[in-house]
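Hello,

Here is the structure I said I would pass on. My notes on it follow below the display.

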Amino acid sequence: MSDHILEMKNIVKEFPGVRALDNVSFQVKPGEIHALVGENGAGKSTLIKVLSGVHPNGSYQGQIHVDGQEQRFLHIKDSENVGIAVIYQELGLVPQMSVVENLFLGAEKGRAYRIDWDVANTEALKYLKELRLDVSPKALIRNLGIGKQQLVEIAKALAKKARILVLDEPTAALNEQDSANLLSILRELRDRGVTCIYISHKLGEVLEIADTVTVLRDGKTIGTRDMHGPERLDEAGIVSLMVGRELTERFPRVEHTPGEVVLQVRDWSVQDPENSEKRIVDNVSFDVRKGEILGVAGLMGAGRTELMMSLFGAYGKRLSGTMLLNGQQLNIRSPLDAIRAGLAYVTEDRKGKGLVLGMDVRENTSLAALKYLSRFSIINRLEEIRRAEEYVKSLRIKTPSIEQKVKNLSGGNQQKVVLGKWMLTNPKVLILDEPTRGIDIGAKFEIYNIMNDLVEKGVCIVMISSELPEVLGMSDRVIVIHQGRLNGELHWSEATQEKTMLLATGGTEK
Amino acid sequence: MSRSIDGQASASMQILQNQLKHNVRQYAMFIALIGIGIIFTVLTNGIFLSPRNLSNLLLQTSFIAILSVGMVLVIVGGHIDLSVGSIVGFTGAFAAILQVNYGYSTLTVVVLTLGLGAVIGVWQGFWIAYRLVPAFIVTLAGMLIFRGALIALTGGQTIAPLEPAFRAIGQGYIPRLFVNTEATSGFHDLSFIVALLAIAGFIFFEMKTRLRRKRHGFSNLPVPLFVAKIVAVAAMLWMFFSVMVNYRGIPYSIMILMALVLLFVYITNNTTFGRHVYAIGGNREAALLSGINIKRKTMAIFVIMGALSGLAGLVFTARLNSATASAGNLFELDTIAAVFIGGTSMRGGEGTIVGAIVGALVMASLNNGMGLMNVSSEYQLIVKGLILVLAVWFDISSRSNNA
Ligand SMILES: Nc1ncnc2c1ncn2[C@@H]1O[C@H](COP(=O)(O)OP(=O)(O)OP(=O)(O)O)[C@@H](O)[C@H]1O
Ligand SMILES: [Mg+2]
């Protein structure tokens, strides 16, 4: 039995109205990378919270054994003491503090109450070097890119002598390069004996890195497979275990016939808030036609989000540019103006900017469209309920009722709420910023279908995505942004991964 | 047959337990209120529960409660207002001077004073919403400014007396209609009618909500629990009103308060303004991207708070029949405490009007009970401070338990 470093047995965890974990058993061997996959709301994050003591012993049924010893964690501290460290998708670093301060936060180096900065710095350097992270221990976290922050989190876990490292969707917000780097570091850690539990919706990564895969569906363990043995799974195999059926197509491409130009953007430039000399968006012009999906490709940090936010009236200072909607000049100074004109912007940061987490599904769904759901400022409750229920149904949002607070929904279902919220405003132009981040493969497919439906109804869609297959699979046309400038445009039939990457990294065609 | 009833009963018990567990905070407020009532009743040999005192208690509650209604919006919206005490004093003195020195009629005085409160709200709202100075600072400044203005205005003198119509706002009772018309105490028919209407209204509203929820397939309490709840709340309402029905009737200030509560419960639940305030407090960025005009809503919050402060100033001045330089001292603390005791979250985005009213009752009961016991004012402060810490600690811990 104790050839498992970790065993979770018959775990049952209930929330009001939901049985999030239904008799889950989960076993991890020492020194392996064990991927945990499943649809949105399958219970992955909940299982991890049970493991780490966020949901304390007594709030669930079942047992946890580490090294064959039964454990009853009441706090996160308890699980850390036996060597379990969890890295959540929302990083737990203090942005105003330096790397070294963060590394030893709560376990400062030195004696009594005096911090010995020399020791701290030397040790910090050691951990940073192990992770091939080339930053000064004195650098402030907020000045590091997200990929490096992720690695600092891992260093922090190692500093706590973690033996079991749990990563909940670590690459969801990383670009390809940072993701690849993270994966190779995880492999090195494994080879040094660190056990790793890895949650991701990116099945490519899972196939690349996992020694073992466990699939959850609806709070139940569907199966655990050794990826080096005869039962090894391919992508289709994982998907069919996840969703319980075969999924043949990844991208439901529909031939659209683009009509007249709806949105015209000319010479759009935006000042960089960090450096007033620089332009974060530099002279960008593009058109969006009726009935098409315009993909916006580029590397992370290329200025795509800033461009769209600024079109939407929600970002910094515009230096130049005009925007025409159906030939009418728009003068947008706030998101309110933008919504009135018929624009909608689905943010990439659903928790920070998309949702009011303490409000329920109904209130979040209606928030941007209250104007249409009210008369003389008085909200038409019945209509509000009806619309919210309609979207819960059509987007297949998994929630016990529209009265559930969105903070209690799983990540992917939260994303669908944000989508529903903006569809409800009935936009002419729908801007989607990383619309399928953190969304499972089945739900992605649903969202693509919804996009196609909307386009069918005459909505124009602008989609920013850092996942190349998605941009190429869904767009009718792709524009590529490099360092704030438009660096080329491709029709879908000619857009390949290579061409797009070349443009995204600043190259020119031919 | 009997098994299914058993099953039903145990299911009801289960739901009851769940309900208790997940609504501890709401029940706790009422339990605390009742507990405080019992303690003071024992300590004062029953004087606390005498009709005369209870009626007094309600009058004492009214101005803190009026302020709490506005303060809920302020705190839910993610701000704070430290200036309400000074504004109560200042607007009250303004009102008294208009009447005593310049002979304005009560109606004119009321209108002008509410207007002054609103204007003060515009002033503070301007700095907070449009100049982005934190509300803590702006209203801390307001606390000094309006206290200073009050002292300057009154010159340290007491300004009195007021006309009967003005006094009635803080001391008067609604009239008797048919029975006991000449008496000053005993069964009060109009109050009885108001009480019946209120209770009937409550039951009607509960039934309507229940039906609506049923139609949408939302979870509802099982019938026995629902009936129990209705009976319990109706009984509490009746206890509340019976004090007044059997004594001098409902004070005007309580009528004003009830109207305000109804209005603001409606505003917070059913209007876009209310929804926007909660959204701004819950997640400012998301509110902004959803097209909410944060500046304008913030301004509106402070204008409402200012006007309500003016109203509280009127009620308080009328109750004392005079204006003094120390009027309204520390009201901001009682008000903020009432709002937090009533379960409003310090981080914004969460809180209810009804909770704040219960909180105001708690604070007023403490003031009243300790006053009856002749506790000296320094110990009153200590006790209130301790209760505030305990109440908020309880609120926070029960919040994280069922998160
Ligand atoms: N605190 C909570 N209160 C109520 N329900 C909850 C809570 N936390 C999770 N749930 C519910 O439990 C179920 C499992 O959620 P969980 O977050 O574990 O899913 P997940 O597998 O991590 O999904 P995703 O891939 O979308 O992140 C969901 O239906 C969710 O709504
Ligand atoms: Mg999750």
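A residue is called buried here if its relative accessible area is under 20%. Please keep in mind that the model is predicted.

I start with helix 13 of chain B, residues 294-320. By the cut-off above, 19 of its 27 residues are buried, so helix 13 of chain B is largely enclosed by the rest of the structure. Directly after helix 13 of chain B comes Asn321(B), with a positive phi of about 60°.

Next is strand 9 of chain A, residues 212-217. Five of the six residues in this strand are buried, so strand 9 of chain A is also largely enclosed by the rest of the structure. What does strand 9 of chain A pair with? On one side of the bookkeeping there is strand 3 of chain A (residues 33-38), joined to strand 9 of chain A by five bridges in a parallel arrangement. Within that pairing, His34(A) has Thr212(A) as its bridge partner. Then there is strand 10 of chain A (residues 220-226), which runs antiparallel to strand 9 of chain A and is joined to it by six bridges. Here Arg217(A) is opposite Lys220(A). Strands 9 and 10 of chain A form a hairpin with two residues between the strands, where Asp218(A) takes a positive phi near 45°.

Last, the ligand. There are 19 residues around ligand 1, and those that come nearest are Gly41(A), Lys44(A), Ser45(A), Thr46(A) and His201(A). By type, the shell around ligand 1 has five nonpolar, eleven polar and three charged residues. Which polar atoms of the protein lie by oxygen atoms of ligand 1? Among them are:

- a polar backbone atom of Gly41(A), 2.7 Å from an oxygen atom of ligand 1;
- a polar side-chain atom of Asn40(A), at 2.8 Å from a ligand 1 oxygen;
- a polar backbone atom of Asn408(A), with 2.9 Å to an oxygen of ligand 1.

On its own, ligand 1 has 640 Å² of accessible area, and the protein covers 92% of that. Strand 2 (18-28), helix 1 (44-52) and helix 14 (411-423) of chain A are the elements that give two or more residues to the shell around ligand 1. The largest share, three residues, comes from helix 1 of chain A.

Regards

Technical notes
Residues numbered from 1 in each chain as written. Chains lettered and ligands numbered in written order. Predicted model: local features only at pLDDT ≥ 70, side-chain atom pairs only at ≥ 80, totals over all residues. Heavy atoms only, no water. Near = heavy atom within 4 Å. Polar contact = N/O pair within 3.5 Å; in protein donor to acceptor, adjacent residues only side chain to side chain. Areas by Shrake-Rupley, 256 points an atom, 1.4 Å probe, with all protein chains shown as cover. Helix = DSSP H or I, 4+ residues; strand = E, 2+ residues; numbered from the N terminus. Nonpolar A, V, L, I, M, F, W, Y, C, P; charged D, E, K, R; others polar. Buried < 20%, exposed > 50% of the residue type's maximum accessible area, 1.4 Å probe, protein only. Pairing = 2+ DSSP bridges.
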